[in-house]
Amino acid sequence: MTDQAVQPAGTDDASGGGTREGGSREGEPRGGGGPAGRAAVPAPPGHFTGRECELAQMLADMEKAGLHTLSGRPSPHSRVLLVAGRPGSGRTALAEAFARQASDRFTDGVLRARLTEPGGTPVPTERTARDLLAALGPDPVPAGADEDELTGTLRTELGRRRVLLLLDDVTLPEQVLDLLPDTRDCLVVAVASGPLTGVPDVRPCAVGGLDRDAAVSLLASRAGAPHRTTVDPRSAELVAEACGHLPAALVLAGGWLAARPKLSVADAAKELAQLPHADPLERAFRLVAGSLAKTPARVLRMLALAPDGLVDAHTASSLASCPVAAARQILEEFLRLGLLRTSALAPGCYAVPRCLDPLLRTELAEHEGPDRTVFARARMLERTVRQLRACHAVTEPEGSEARERLALLPRTVRFATRREAREWLEARRPAILAAARLAVAEGGGRLDGLARRLISALARAFDAHRSPEEAAPELYRLHELVLDVAERADLQRERAAALLNLGDLDARTGRHSRALQRYRAALGTARDGDGDEGASRVRSGRDGGPGREGRRAQDHHAAARALESIGSTYEDMGDLERAADWYGRALAHHQTRDAAAAAARLHGRLGAVHTAAGHFGEALREWRASAANFRRLGDAAAHARALAELARVHERAGRPQETVRLCRQALQALRDGEDVRLRAALLLRLADACDRTGDVREGGKHRRAAEELLDAHDLTVRME
């Protein structure tokens with residue numbers, strides 16, 4: 001039996017987010033250098049022995065008709081094969097072996113998701129559905145979609161495909177029901193500790209310990225030399241019995257023997273018999289953990305803090321406060337001992353087996369106090385922030401300030417190319433997001449400052465390596481985390497900024513009602529900190545003196561942005577009257593603070609709204625004010641654009657002579673070589689206006705000039 005055959009539940013065979021194996025009718029799966037989602041890496045191949053009967057049972061159950069079908073009422077949902085067993089029994093390895101053998105029947109591949117986080121917390125269904133949709137690709141997942149919308153979209157997408165969906169670490173039946181495809185062409189394989197009551201058409205396969213021969217064979221394969229068990233078969237059977245015939249425990253015992261070639265299998269049996277622990281997996285774990293030196297032992301227990309159970313040398317070094325080279329050697333030793341697995345999703349990383357997670361957390365609680373645990377997390381977050389900054393800096397031009405700061409970082413933190421940085425970001429994305437969530441959830445807000453820095457660095461990295469559509473779903477999550485921190489720590493500027501960013505993403509995806517709620521909340525926060533003048537007075541200092549709320553300064557920039565965003569949202573909704581009202585409020589806000597450039601822009605937005613509403617008089621007044629302001633500011637291009645819009649209003653109002661005059665003024669305002677396309681558009685509008693005035697010859701001249709200008713510009717662009 002190989003490692004793959006006995007890989008305990010919770011290893012990286014089934015990732016925390018959606019992963020995919022196989023092709024697709026609608027495009028290639030994302031991953032590696034792809035746009036989004038986890039890398040679509042199949043489970044590592046390997047021979048599978050010791051579970052042949054269970055595997056044959058699952059393959060037979062896949063072919064059998066369900067009770068609903070036999071009764072003449074076939075279920076509209078996918079069938080569910082349940083692999084039930086305790087952690088460490090090899091339940092995930094069995095599910096993966098089945099997926100490999102059955103995958104050729106599912107033309108659209110295998111999707112994987114883990115439904116439990118380290119520590120035993122169920123993964124929110126919204127996050128699982130989003131990750132599975134991202135793995136399906138190629139369309140980006142809508143940012144800010146709620147759970148019902150995401151699960152509905154996922155079931156619709158799966159209904160068009162033949163997919164095997166492998167759900168690992170299921171803790172509640174509802175987790176399966178929410179994701180169950182509405183088609184018989186798909187198959188769900190669920191890995192859990194017990195039955196899934198309420199899930200229809202389930203065929204269970206119970207997994208316990210291996211049989212005696214398979215357990216001894218596994219122990220021999222991990223012990224380093226087969227003859228160590230063949231010369232003393234009775235001791236090998238005693239070791240297997242002490243390990244409860246559980247694959248994960250046998251792997252640990254075999255690793256302990258492999259690290260001690262001078263000891264016999266009888267020595268291992270004696271050591272295990274002396275351990276008082278009743279649980280076989282814990283007994284094997286204590287055998288290995290108790291043999292470690294001081295530094296490796298500390299690294300081991302610190303693995304409980306590894307986000308999403310993913311660890312590399314940098315993570316281990318920062319958590320345990322040891323050199324990176326030493327951490328790398330220790331992790332390699334853990335791999336040989338069976339304490340870690342190589343990660344198929346993140347090159348150079350290791351995965352902490354989920355069956356060992358409770359034991360590692362117990363070790364951490366016994367040997368590390370709460371303060372030392374927080375300091376360890378802080379060191380890890382600080383290291384991650386530096387790596388994210390390097391990930392962003394490599395995309396900046398040579399000679400920039402970001403590049404200069406990048407050169408000062410240690411070589412092990414830097415990235416040589418943009419592609420290398422993107423691959424690192426995509427592979428580490430789930431772990432970094434988990435680190436951000438854990439930092440925000442830290443009791444007492446002790447890591448709030450680092451959490452904000454981490455989220456900021458991650459957002460900048462996403463902006464640098466992804467398109468806005470690809471980055472939007474993850475950015476939405478990050479802004480929600482920032483909002484949580486800001487509300488807990490009473491950081492009003494950060495709260496207003498997070499609400500505005502969330503509102504922008506909601507508006508971009510057409511969720512106008514939610515966007516308006518976000519913008520109004522941001523406006524209240526920016527104006528007086530809480531939007532409630534009475535509450536602000538209540539929280540003022542004693543004897544009527546100014547407390548913290550009374551001293552809080554208004555955030556004029558956020559207030560202006562909120563006012564304008566509300567107007568923009570109403571404009572998108574087609575409510576032009578309300579849009580004009582809110583643009584007017586934003587304009588008044590800027591005018592009281594002598595923000596001339598912003599006021600000129602708001603005059604233009606008001607002019608556009610009035611033009612769309614057919615209120616040409618108001619539109620002319622606003623565009624004239626916009627043009628005059630831009631002229632005073634010396635912005636020739638903006639002045640010309642305002643004049644062009646003014647000409648367009650006259651054109652719509654049926655005044656071609658005024659259109660001709662204003663187009664000529666706009667052309668005169670443009671400097672030579674400035675905004676070629678705007679100049680060409682003005683020439684074409686001027687040509688049309690000349691035609692309407694009866695000056696067809698002049699119109700033709702301007703039209704030819706526009707065509708020549710565009711041809712020359714396109715040629716220049718192609719040559720560059």
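Trainee: What share of the accessible surface belongs to carbon and sulfur atoms?
Mentor: This is a predicted model, in which local features need pLDDT of at least 70 and side-chain atom pairs count only at pLDDT 80 or more, while totals for chains, interfaces and linings use all residues. Residues are numbered from 1 along each chain as its sequence is written, and side-chain values use heavy atoms, with hydrogens and water left out. By the Shrake-Rupley method with a 1.4 Å probe, where for residues only the protein chains shown count as cover, the accessible surface of the protein comes to about 31,100 Å², and the share belonging to carbon and sulfur atoms is 51%.

Trainee: How much of the protein is made up of buried residues?
Mentor: Buried means under 20% relative accessible area, exposed means over 50%, and partly exposed lies in between, with a 1.4 Å probe and protein chains only. Of the 720 residues in the protein, the buried ones make up 54%.

Trainee: Which residues of helix α12 are buried?
Mentor: Helices are DSSP runs (H or I, at least four residues) and strands likewise (E, at least two), numbered from the N terminus; α12 covers residues 265–274. Seen down the axis of α12, its buried residues fall within an arc of 100°, so they line one face of the helix, the arc being that of the directions from the helix axis to the C-beta atoms. On the other side of α12, Lys 270 and Gln 274 are exposed, whereas the buried residues are Val 265, Ala 268, Ala 269 and Leu 272.

Trainee: Why is the pair formed by the rings of Phe 415 and Trp 424 tilted?
Mentor: Rings of Phe, Tyr and Trp (its six-membered ring) pair if their centres lie within 6.5 Å, and planes under 30 degrees apart count as stacked, over 60 as edge-to-face and the rest as tilted. A search of the whole structure finds 1 aromatic pair. The ring centres of Phe 415 and Trp 424 are 5.3 Å apart, and the pair is tilted because the planes are at 55°.

Trainee: Which side chain makes a polar contact with the side chain of Thr 315?
Mentor: Thr 315 has its place in helix α15 (residues 313–320) and is buried, with a relative accessible area of 16%. A polar contact is a pair of N or O atoms within 3.5 Å; within protein, one must be able to donate a hydrogen and the other to accept it, and residues adjacent in sequence count only if both atoms are side-chain atoms. At 2.8 Å, the partner of Thr 315 is the side chain of Asp 312.
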